[in-house]
Amino acid sequence: PPRGPKNVLDAVPMGWYNLHFSNLPKWRGAAPAQRAIWAGDPTTGADVFKVGEGLDDGPIVASRPRGG
């Protein structure tokens, strides 16, 4: 799940992970790559993060910036 209540997040012993197609925390939420392009951001990338209770707010475990 992209986010969820604590009991759902705790149901998986190692946690949930998500691949996000922009660098967090700058472009949180839906359509991050498109929003970066529309905003004229010269740098984007992809992050893998552990899902938390909020929107795209867990700790980043891998990051690959591109551009700039």
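**View 1. The open sheet.** Three strands, paired antiparallel, make up an open sheet in the order β1-β2-β3. Because β1 and β3 are at the edges with a single partner strand each, one side of each has no neighbour in the sheet. On average, neighbouring strands of this sheet are turned by 5° against each other, direction ignored. Here strands are DSSP runs (E, at least two residues) and helices are runs of H or I of at least four residues, numbered from the N terminus; two strands pair if DSSP finds at least two bridges between them. The angle uses axes, lines fitted to C-alpha atoms, and runs from 0 to 180 degrees between N-to-C directions.

This is a predicted model, in which local features need pLDDT of at least 70, side-chain atom pairs count only at pLDDT 80 or more, and totals for chains, interfaces and linings use all residues. Residues are numbered from 1 along each chain as its sequence is written, and side-chain values use heavy atoms, leaving out hydrogens and water.

**View 2. Where β2 meets β3.** The antiparallel strands β2 and β3 are joined by seven bridges. Look for Thr44, which stands opposite Arg66 in β3.

**View 3. The loop between β1 and α2.** This loop, between β1 (17–20) and α2 (32–38), holds Pro25. A cis peptide bond, with omega about 5°, links Leu24 to Pro25. Ala31 is in the loop between β1 and α2 too, and has a positive phi of about 55° although it is not a glycine. Most residues other than glycine have a negative phi, and most peptide bonds are trans. Ala31 is partly exposed at 33% relative accessibility (buried is under 20% relative accessible area, exposed over 50%, partly exposed in between; 1.4 Å probe, protein chains only).

**View 4. Asp56 in its loop.** Asp56 sits between β2 (43–50) and β3 (60–67). Its phi is positive, about 50°, although Asp56 is not a glycine. With a relative accessible area of 5%, Asp56 is buried.
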